[in-house]
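Dear colleague,

Please find the structure below. My notes on the packing of its helices and strands follow.

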Amino acid sequence: MTDSAANPLLKVENLSVEFRTRDGTVHAIDHVSFAIAPGETLALVGESGSGKSVTSFAIMGILDPAARVASGSIHFRGEDMLGRNERHLRDIRGRDIAMIFQNPRTALNPIRTVGAQVADVLKRHDRSGGDAYQRAIEALARVQIADPERRARSYPFELSGGMCQRIMIAMALSCRPALLIADEPTTGLDVTIQAVIMDLIDEIARAQGMATLLITHDLALASEHADRIAVMHAGQIVEVAPTAELLSAPRHPYTARLIAATPAPAENLASLASIPGSLPNLRQEKLPSCRYSGRCERRHDDCAGILPVKEAAPLHQVACRYPL
């Protein structure tokens, strides 16, 4: 399932990823396809366990050793990422593609100052010269950290969760990457800090013309910050559309359920709908072609056949035999 960008910055096609475990093979990602244009924000949305983070790790080339890319391709600026060695990928990571991880405290080195850690990235990837540590302080200032000279001398354990997340953003954006992958960037933060962090990412993305892949389980958050949304369920992308269109006219039954289960401001939580059933067991030797079929109220006998991808509208694709 792809968008219509003529010259995408990132293009993922038919990506399938498997994990070898003692209890069998986990079919984590199933023929996932999407593209991101320069300067665009695409949100990858779905329940926990739907495969969002695995997709991002495959793009970054940091999959677990137990993982195997079973099929598909990942092209960045037209270059095949899956065919490159680790040394080449290390050059791309941080310089051209950067990532903000879910938990900044575990991503930061606890025994080095945050200024030194940002400077490390600049020394590794930025060839513009000058004092890397001074430029690290400037990077902290760009993410609106007060008194950056003093904060640069701090260790992660001395900082709040929101401050650590800003450090991670400064580190990720210090070399002005073309693509930022933000994996649940506001997890564990209160709603006020969440808004500040997301507004900061948006502002820097606009200023630098940077593309963003926002990974989140929070559809409301995605609706506020993404140009398009790709909805993921059990390792499959079931629908992709411009944000306003997807929210106002969802075509996949799972998307409609997800929207109905997302609270709006001041909404009575008791009135929210639930999504019936649970994710299928991805260790099954033979999974249904539509992995939502076991939970779907619109299921027909022929849903077991090849899963079609339909063009519901321009830039709006849905993977469903019987869309809404």
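A crossing is called left-handed if the near helix is turned anticlockwise from the far one by less than a right angle, and right-handed if clockwise. Helices (H or I, at least four residues) and strands (E, at least two) are DSSP runs, numbered from the N terminus.

This is a predicted model, in which local features need pLDDT of at least 70 and side-chain atom pairs count only at pLDDT 80 or more, while totals for chains, interfaces and linings use all residues. Residues are numbered from 1 along each chain as its sequence is written, and side-chain values use heavy atoms, with hydrogens and water left out.

Helix 4 (residues 114-125) passes helix 5 (residues 132-142) in a right-handed crossing. Their axes (lines fitted to C-alpha atoms, for helices over the stretch in contact) come within 8 Å and cross at roughly 110°, with angles running from 0 to 180 degrees between N-to-C directions. The two helices are therefore roughly perpendicular (65 to 115 degrees). Contact (heavy atoms within 4.5 Å) involves, among others, Val 118 and Leu 122 of helix 4 and Tyr 133 and Arg 135 of helix 5.

An open sheet has 4 strands in the order 2-1-4-5, with antiparallel pairing; two strands pair if DSSP finds at least two bridges between them. Strand 2 (24-36) and strand 5 (79-80) are at the edges with a single partner strand each, so one side of each has no neighbour in the sheet. Strand 4 (residues 67-76) is joined to strand 5 by 2 bridges, and His 75 has Asp 80 of strand 5 as its bridge partner. Helix 1 (residues 52-60) packs on the sheet and touches strand 1 (10-21), strand 2 and strand 4.

Regards

Technical notes: Parallel < 35°, antiparallel > 145°, perpendicular 65-115°, else oblique.
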